[in-house]
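User: I have a structure to go through with you. Could we discuss its chains and their contact?

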Amino acid sequence: MILIENPIPRDWFDWSNASVGIVGLALTLWAVWQAKGAKDAAQLAGTRIRQHNAEVDFSALARIARELHGYVEDDRMSEARLRTTDLRSELATAMRNHAQFVAHEAGRLQEKQIDLKLITEGLNGGPGSLSSTERIRLLRITGEILEALAGLSGQFRSQADKEVSNV
Amino acid sequence: MSEKSQSFVDQLLEKTREGKISWTTAFEDGQFKTVLPGGQLAFVVQVKGDARRILMLDERQEAVLDETITKAETEGEPEHHPKIKLYAGIGELQDLARSQALQVNVKLVQAEQLLNLI
């Protein structure tokens with residue numbers, strides 16, 4: 001107020017008033033900057049936690065896919081059928097929970113889900129009903145599913161590593 | 001439901017011929033699938049023995065439409081019966097999907113070229 005009414009400080013009292021005002025403004029700006037920084041940091045931490053959760057979930061999915069692929073390799077179709085059902089439901093949950101991180105792979109994952117649905121249906125006919133070409137195709141499809149899930153899990157891990165090294 | 005299935009089969013035939021839809025092999029023999037852009041819907045076409053099937057799945061892989069017709073169901077029906085048309089349409093679509101998924105034409109040309117080199 002003093003500065004507005006009388007822009008030129010005349011004595012020590014005016015100078016101290018002006019200084020207090022300037023220091024106050026600086027402190028306010030610093031507090032705002034700190035608060036924004038804290039908000040950004042909190043948001044970044046939140047994103048990192050969600051990204052870490054995605055990595056954990058997709059690693060678990062890759063583990064199930066590896067088991068499924070192993071059962072198919074060993075011709076253990078009853079176990080493979082159960083693992084296919086597990087993988088289907090777990091993948092659906094992970095896709096829903098981590099939609100923001102898997103958006104770029106949504107089409108590919110959706111196709112894998114359809115593969116899993118058709119495998120479940122096909123294996124319900126009983127393991128004896130599979131032809132030799134179906135067994136070969138099953139190996140290929142489960143291999144591709146494993147590759148896709150392990151790849152995504154690896155992507156999340158390397159992103160996290162990159163961010164840690166940037167800090 | 002046959003009417004709806006027929007309409008989808010016709011549209012899929014048209015889009016496949018135009019090259020707007022691409023098919024890939026699915027798990028079972030004679031089974032092919034296509035996921036529409038956006039991934040919200042997928043179609044599966046299958047010929048198994050004398051049974052022909054068209055299946056439409058939503059984004060949760062729930063079967064929105066699932067129609068199977070066997071040869072026996074079409075026998076004794078008049079020539080223009082919807083089931084006969086659908087049976088033929090699914091067969092044609094599966095043949096087209098198979099050709100595209102396995103790149104039959106490309107491989108036939110390659111085979112001819114290779115044989116000519118011998």
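User: How many of the contacts in chain A between residues at least 6 apart in sequence join residues at least 24 apart?
Analyst: The share is 71%, with two residues in contact if their C-beta atoms, placed from the backbone, lie within 7 Å. Please note that this is a predicted model, in which local features need pLDDT of at least 70 and side-chain atom pairs count only at pLDDT 80 or more, while totals for chains, interfaces and linings use all residues. Residues are numbered from 1 along each chain as its sequence is written, and chains are lettered from A in the order in which they are written.

User: What helices and strands does chain A have?
Analyst: Chain A has 6 helices and 0 strands; helices (H or I, at least four residues) and strands (E, at least two) are DSSP runs, numbered from the N terminus.

User: And what does chain A span along its principal axes?
Analyst: Its C-alpha trace spans about 100 × 25 × 20 Å.

User: Is helix α4 of chain B buried or in the open?
Analyst: Of the 14 residues of α4(B), 0 are buried, so the helix lies largely in the open. A residue is buried if 20 or more other C-beta atoms lie within 10 Å of its own, exposed if 12 or fewer, and partly exposed in between, with C-beta atoms placed from the backbone.
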